[in-house]
Amino acid sequence: MSETTAAQTGQQAPARRGAAYDSAFLRACRREPVPHTPVWFMRQAGRSLPEYLKIREGIPMLESCMRPELVKEITLQPVRRHKVDAAIFFSDIVVPLKAVGIDVDIKPGIGPVIADPIRTREDLQRLRPLEPDDVPYITEAIGLLVAELGSTPLIGFAGAPYTLASYLVEGGPSKNHERTKAMMYGEPELWAELVDRLADITAGFLKVQIEAGVSAVQLFDSWVGSLAPDDYRRSVMPASTKVFDAVASYGVPRIHFGVGTGELLGLMGQAGADVVGVDWRVPLHEAARRVGPGKALQGNLDPAVLFAPTSVIETKAREVLHSACAIGESGHIFNLGHGVTPGMDPDALSRLVAFVHENSQR
Ligand code: 1CP
């Protein structure tokens, strides 16, 4: 898209032309040649870092997401410490729900808890679209971060409609998503409207982040791996596609990730992603076959491997790099197969970043 067209459509050039444009991470997202395989970690900011635990002391999780200076500092902590190739914006998937008026809290040791779950047609009225004015603190925090990060890209993110729906319908974290699936199977029209409204909220949240300057976005559909492909295609994919379509014209890479999604990888790519995140259960060469050509892959070291001795971590990391050769010369972003967990040794993560960089020099 030319500069003129970008201006005409009111979209921001910085996302495409910013200082991070030629970073290894963004080049890999675009499947361009890279000097080394870029690496970052899902949940790299947070409870594995002593400096995070210290700065968060006494501040509730959701409140911390609304303080731009604090968000900036927490987002930068893992970048300084680990020398990762990208920062991920410190926030949470339930922030946009809170912003449109849902009574949600993040309880320590539990996760998001919804005071009044969404289960009927009347409940849906509480889910209105998100406007930029609902989240001024997001715009401000991203502005601060982009100025500070320079050529290091900042990844924005949101929860995908299915994963958000699971919290809203269950009322909190759940293992089997039974009420959620009962609505999906038993009240398909109500379900379709629920995920459609969530797609609008999610798209609104991602647009705010892109307009503010993030250079890539990741849609977390963390729990969608609980679905069979036909149910995903019929009941979830249209809403996720709506989200990806809504931000397509900005030209920033769109990453799509879920856990246990081996059987869904092809469909998740088709939903509109440029990069498909893979958990540790499917080797990358097989994931490349399932996703098909034209997409980059992100992943996929088993997070639990970080608890093993260094020599094992390095052997397993080498296997991931080797398996990624099937994607081609470029188009691989090294990550864990899911997020960093609280007990992980931060030094092991820093060593892993250096190892990936050293062992993927082109
Ligand atoms: O007090 C605390 O520190 C609470 C722990 C915590 C943190 C650090 C929560 C509660 N959220 C976050 C931040 C967060 N959440 C980030 C920060 C940026 C980074 O990655 O470094 C991100 C990307 C998320 C996204 C998120 N929140 C997801 C998708 C990612 C994933 O891990 O699958 C999900 C499912 C949530 C919900 C959530 N928020 C918090 C918890 C403990 C959970 C999971 C609860 C459950 O198991 O259902």
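In which hand do helices α6 and α9 cross? The crossing of these two helices is right-handed, where right-handed means that the near helix is turned clockwise from the far one by less than a right angle, and left-handed means anticlockwise.

Before I continue, a word on the model. It is a predicted model, in which local features need pLDDT of at least 70, side-chain atom pairs count only at pLDDT 80 or more, and totals for chains, interfaces and linings use all residues. Residues are numbered from 1 along each chain as its sequence is written, and side-chain values use heavy atoms, with hydrogens and water left out.

Let me stay with the helices. Helices (H or I, at least four residues) and strands (E, at least two) are DSSP runs, numbered from the N terminus. Two packed helices are described by the angle between their axes and the distance between the axes. Here, axes are lines fitted to C-alpha atoms, for helices over the stretch in contact, and angles run from 0 to 180 degrees between N-to-C directions. Helix α6, residues 68-82, and α9 cross at roughly 40°, and their axes come within 8 Å. The two are therefore oblique to each other; angles under 35 degrees count as roughly parallel, over 145 as roughly antiparallel, 65 to 115 as roughly perpendicular, and the rest as oblique. Contact means heavy atoms within 4.5 Å. On the α6 side, the residues in contact include Val71, Thr75 and Val79, and on the α9 side they include Ala141, Leu144 and Leu145.

Helix α9, residues 136-149, also packs with helix α12, residues 188-212, at an angle of about 35°, with the axes 9 Å apart. This crossing, too, is right-handed. Ile138, Thr139, Ile142, Gly143 and Val146 of α9 meet Phe205, Val208, Gln209 and Ala212 of α12.

Next, helix α10, residues 161-170. All of its residues, 10 of the 10, are buried, so the helix is largely enclosed by the rest of the structure. Buried means under 20% relative accessible area, exposed over 50%, and partly exposed in between, with a 1.4 Å probe and protein chains only. Among the buried residues of α10 are Tyr162, Tyr167 and Glu170. Gly171 follows the helix, and its phi is positive, near 95°.

I turn now to the aromatic rings. How many aromatic pairs does a search of the whole structure find? The search finds 4. Rings of Phe, Tyr and Trp (its six-membered ring) pair if their centres lie within 6.5 Å; planes under 30 degrees apart count as stacked, over 60 as edge-to-face and the rest as tilted. Phe220 and Phe257 form an edge-to-face pair, 6.2 Å centre to centre with 85° between the planes. This pair links distant parts of the chain, since Phe220 lies in strand β5 and Phe257 in strand β6, 37 residues apart. Both Phe220 and Phe257 are buried, and together with Phe157 they form one aromatic cluster.

Strand β6 also holds Arg254 and His256. Arg254 counts as buried because its relative accessibility is 13%, and His256 counts as buried because its value is 0%. Arg254 and Val217 are 37 residues apart in sequence, yet 5.1 Å apart in space, C-alpha to C-alpha. Leaving aside neighbours within four places in sequence, the contacts of Arg254 include Phe244 and Asp274.
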